[in-house]
Each structure stands twice: as structure tokens, then as C-alpha cells.
Amino acid sequence: MTQALEQARRAAERGEVPVGAVIVAPDGRIVAAEGNRTRELNDPTAHAEVLAIRAACAAAGSERLVGHDLYVTLEPCPMCAAAIAFARIGRLYYGASDPKSGGVAHGARVYQHAQTHHVPEVYDGLAEAECAELLRRFFANRRSGDAVSTLT
């Protein structure tokens, strides 16, 4: 989760919502580490999880990431939760919950639908306070007009 938090901080420095994601291969190697880039890429699908899944799949030479772990600083949205299922990621670890836009424990609860063909093991609350605080400060700074650099 430490690496995912670093990616989230980097995203914040770019003016992106500070969400970071890291994918770990079954042998323990980090195969992808990304932060949100929706504004930078003008792409609403450029969430940290999706970017990390794309990079990990490219590295694996496969659209499946069986046995891989995904660490993300915020509960995935429904789009990302579905992408995680499509990629067949084995375990999902996330930090802060997202009652407003989450898709795992809140909102759509993607993995509870019968149409979901693969459900990863889900572990929530990893470094939850630090992940939530990073998001809280980011949005407080945006509301007050302060520089993003005060996050680090």
C-alpha cells in the first residue's frame, strides 16, 4: 500500500484526484504502479486501477492477471471493479472506502451481482486513515484554492 500511496501523491501533484494503484505478480514483483490521469490524458477511464491493469496485462502478455494482487488507495468505482473482475485479479486490497462513488462495498456493489463471472478476494481498510486523509486534504485544498503541493 505504501507504493500505491506514493502513486496517489504523484497524481495529486499533477492535479489529479489522488488515487494510486499497484499490481503485484504472484512471485511478489510489482508489475504496474499508476495514479489517476483522467485530466492529463483527457480520458474518463484513466483511473489508477485501469491504467495499472493495462500495464500489467501488457507486461504479462495476457488479458488475464490470475493470481495477481491489486492494491489501491480508494474503493474502486463500478467501472474499475468490473475491470478488476474482467482481468481475473485474485485479491483486491483497498484503503479508504468511498460511500459516494464506490462500486465494491457501496453503490453498485459489482461483486454481488450474479452476472459477475469472477469475484476477487476483497480486503478493505489497509492504511485507511492515511488514504482518506490524502483525499480529504486534496479536496479541502481545491475548495480553498491552496496549492496542491501542500499535500506532501
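**Figure 1. Helix 3, from end to end.** In this predicted model, helix 3 runs over residues 48–60, which makes 13 residues.

**Figure 2. The buried side of the story for helix 3.** Look for Ala 48, Glu 49, Val 50, Leu 51, Ala 52, Ile 53, Ala 56 and Cys 57, which are buried. What covers them? The cover includes strand 1 (20–24), strand 2 (30–35), helix 2 (38–41), strand 3 (69–74) and helix 4 (78–86).

**Figure 3. The largest nonpolar core.** This core has 41 residues, and Ile 23, Ile 53, Leu 65, Ile 89, Leu 92 and Tyr 111 have the most contacts inside it. Elements that each supply at least two residues include helix 1 (2–13), strand 4 (91–96) and helix 5 (128–144). Helix 3 gives the most, with six residues.

**Figure 4. A close look at Ile 23.** Leaving aside residues up to four places away in sequence, Ile 23 touches Arg 29, Ile 30, Val 31, Ala 32, Ala 52, Ile 53, Ala 56, Leu 65, His 68, Asp 69, Leu 70 and Ile 89.

**Figure 5. Stepping back to the chain.** Five helices and five strands follow one another in the pattern α-β-β-α-α-β-α-β-β-α. The radius of gyration is 15 Å, close to the 15 Å that the globule rule gives for 152 residues, so the chain is as compact as a globular protein of that length. Buried residues make up 45% of the chain.

Technical notes
Residues are numbered from 1 along each chain as its sequence is written. This is a predicted model: local features need pLDDT of at least 70, side-chain atom pairs count only at pLDDT 80 or more; totals for chains, interfaces and linings use all residues. Side-chain values use heavy atoms; hydrogens and water are left out. Helices (H or I, at least four residues) and strands (E, at least two) are DSSP runs, numbered from the N terminus. The expected span of a helix is 1.5 Å times one less than its number of residues. Buried means under 20% relative accessible area, exposed over 50%, partly exposed in between (1.4 Å probe, protein chains only). Contact means heavy atoms within 4.5 Å. A nonpolar core is a set of buried Ala, Val, Leu, Ile, Met, Phe, Trp, Tyr and Cys residues joined through side-chain atoms within 4.5 Å. The radius of gyration is taken over C-alpha atoms; the globule rule is 2.2 Å times the number of residues to the power 0.38.
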